[in-house]
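Here's a walk through one protein structure, taken a piece at a time. Have the viewer open and follow along.

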Amino acid sequence: MGRDTVSNGRSVNLPMHQASTMLFNTLEEFEQARDSRYQKGTLYYGRYGNPATFELESMMAELEQGAGCVAVSSGLTACVVSLMAFLNAGSHVLVADTVYGPTRAFCDNVLKQYGVSVTYFDPMMGEALAGLIQDNTHVVFFEAPGSATFEVPDIPAIAQVAKQASVVTILDGTWATPLLCQPLLLGVDVVVHSGSKYISGHSDAMLGLIVATSEENYQTVRKMSLSIGDRAGANDVFLALRGLRTLSVRLRQHAESTLQCIEWLEQQPEVERILHPAHQDCPGHEFWQRDFNGVAGLFSVVFRSGTENKIRAMINSLEMFGIGLSWGGFESLILPVDPTPFRTATSWNSVGPVVRFNIGLEDSSSLISDLQTGFKFLK
Ligand SMILES: *Cc1c(COP(=O)(O)O)cnc(C)c1O
């Protein structure tokens with residue numbers, strides 16, 4: 001997988017492939033490539049993809065069991081391109097209230113500007129979503145689990161009501177990667193991933209991936225990405241192809257350490273709730289049990305109220321948890337999150353502060369002893 005059709009100089013890993021101009025022997029060959037430039041695998045010009053891009057795309061399509069994949073320049077671009085591909089002026093889009101903040105900002109700041117109306121919905125409403133579908137609803141966009149608070153929606157129920165109304169479903173599946181959940185097999189039309197997270201896995205690449213179930217939807221997405229002129233960078237494609245080779249072993253270690261950290265965290269008197277799909281405190285835990293087959297390392301903790309002013313000192317004291325955006329790399333990260341300002345369809349009821357943890361690949365006993373020291377600041 002991922003290196004079948006390319007002569008790669010006998011190397012185990014596909015080397016980085018850089019190209020803008022591609023040369024043809026005859027004008028006829030050039031014209032043939034031009035006429036099939038939207039088709040998968042056509043070598044025409046660098047922006048349309050090169051052999052390494054096509055290998056990554058075919059590998060992702062196979063992992064998701066989709067008809068085709070389009071690699072783009074970031075996870076946010078994957079969300080943006082997939083939304084734009086299925087919407088036009090006058091369309092209505094239903095967006096889960098818990099989506100990644102910048103995706104929501106794109107809907108509010110750009111889609112509305114281009115005449116698309118946006119309604120946010122409670123991702124836990126399941127098939128009741130049918131009541132929000134209008135004649136001009138063209139897309140349902142959601143995320144499983146939701147960003148910051150990790151609610152797991154009933155993916156098949158949402159996919160089914162959308163399908164009955166001929167509405168395209170797009171799911172941001174970054175948390176689970178194709179290895180822990182396969183949304184296309186649950187009825188979703190298009191799944192998007194930030195390849196900057198677990199797929200590349202080392203916090204050094206920016207990449208997005210869009211996989212569609214049908215050839216028609218794949219073509220729609222590919223044409224939009226090419227119309228916009230976006231493309232995945234050569235180095236990022238190389239890093240993602242390499243990252244995919246170790247994804248399953250990395251995820252296994254992330255899962256083991258995450259469960260150990262959660263076990264320690266839930267015993268602490270300062271902890272109110274664990275928001276991880278694999279934990280019973282998390283809304284939609286039963287859907288995670290049914291539709292997912294593993295544990296990722298990103299989750300949130302709701303602390304008891306009264307700890308607000310001490311959380312900052314706790315975070316600043318940690319030595320093994322970096323402070324920074326993104327996640328899915330080998331390094332553990334920590335960041336306070338505030339779910340309240342973004343929600344409009346749902347309200348956030350917990351009173352205490354919320355902190356997001358990304359458990360990396362460090363030794364989990366070192367992580368726990370770092371947390372033990374840090375939690376002294378909460379006393
Ligand atoms: C990080 C993230 C994105 C955006 O990905 P980038 O590669 O950082 O642009 C989109 N969706 C989710 C759920 C994310 O966590």
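At what angle do H3 and helix H4 pack, and how far apart are their axes? Keep in mind that this is a predicted model. In it, the angle between H3 and H4 (residues 101–111) is about 45°, and the axes sit 10 Å apart. The crossing itself is right-handed. On the H3 side, Leu76, Cys79, Val80, Leu83 and Met84 make the contact, and they meet Pro102, Thr103, Phe106, Cys107 and Leu111 of H4. Sort those residues by class and you get 9 nonpolar, 1 polar and no charged ones.

Stay with H3, which covers residues 75–86, and look for its packing against helix H7 (residues 215–228). Here the angle is about 110°, with 9 Å between the axes. Since 65 to 115 degrees counts as roughly perpendicular, that makes H3 roughly perpendicular to H7. This crossing is right-handed. H3 brings Val81, Met84, Ala85 and Phe86 to the contact, while H7 supplies Asn217, Thr220, Val221, Met224, Ser225 and Ile228. The class count for H3 with H7 is 7 nonpolar, 3 polar and no charged residues. Met84 is worth a click: it turns up in the contact with H4 and again in the contact with H7.

Now for the ligand. Which residues come nearest to it? There are 14 residues around the ligand, and the nearest are Gly75, Asp172, Ser194, Ser196 and Lys197. Leu76, which we met in the contact of H3 with H4, has a polar backbone atom 2.9 Å from a ligand oxygen. With Trp327 the side chain is involved, as one of its N or O atoms lies 3.1 Å from an oxygen atom of the ligand.

Next, move along to helix H8 (residues 234–265) and helix H11 (residues 364–375). They pack at about 30°, with axes 9 Å apart. Angles under 35 degrees count as roughly parallel, so H8 is roughly parallel to H11. H8 passes H11 in a right-handed crossing. From H8, the contact takes in Ser257, Gln260, Cys261, Trp264 and Leu265; from H11, Ser364, Leu367, Ile368, Leu371, Gln372 and Phe375. That comes to 7 nonpolar, 4 polar and no charged residues.

Finally, two spots in the backbone deserve a look. Most residues other than glycine have a negative phi, and most peptide bonds are trans. Gln65 isn't a glycine, yet its phi is positive, at about 55°. You'll find Gln65 in the loop between helix H2 (51–64) and strand S1 (68–72). And where is the cis peptide bond? It joins Ala144 and Pro145, with omega about -5°. Pro145 lies in a loop as well, between strand S4 (137–143) and helix H5 (155–164).

Terms used
Residues are numbered from 1 along each chain as its sequence is written. This is a predicted model: local features need pLDDT of at least 70, side-chain atom pairs count only at pLDDT 80 or more; totals for chains, interfaces and linings use all residues. Side-chain values use heavy atoms; hydrogens and water are left out. Axes are lines fitted to C-alpha atoms, for helices over the stretch in contact, and angles run from 0 to 180 degrees between N-to-C directions. Helices (H or I, at least four residues) and strands (E, at least two) are DSSP runs, numbered from the N terminus. Angles under 35 degrees count as roughly parallel, over 145 as roughly antiparallel, 65 to 115 as roughly perpendicular and the rest as oblique. A crossing is left-handed if the near helix is turned anticlockwise from the far one by less than a right angle, and right-handed if clockwise. Contact means heavy atoms within 4.5 Å. Ala, Val, Leu, Ile, Met, Phe, Trp, Tyr, Cys and Pro count as nonpolar, Asp, Glu, Lys and Arg as charged, and the others, Gly among them, as polar. A residue is near a molecule or strand if one of its heavy atoms lies within 4 Å of it. A polar contact is a pair of N or O atoms within 3.5 Å; within protein, one must be able to donate a hydrogen and the other to accept it, and residues adjacent in sequence count only if both atoms are side-chain atoms.
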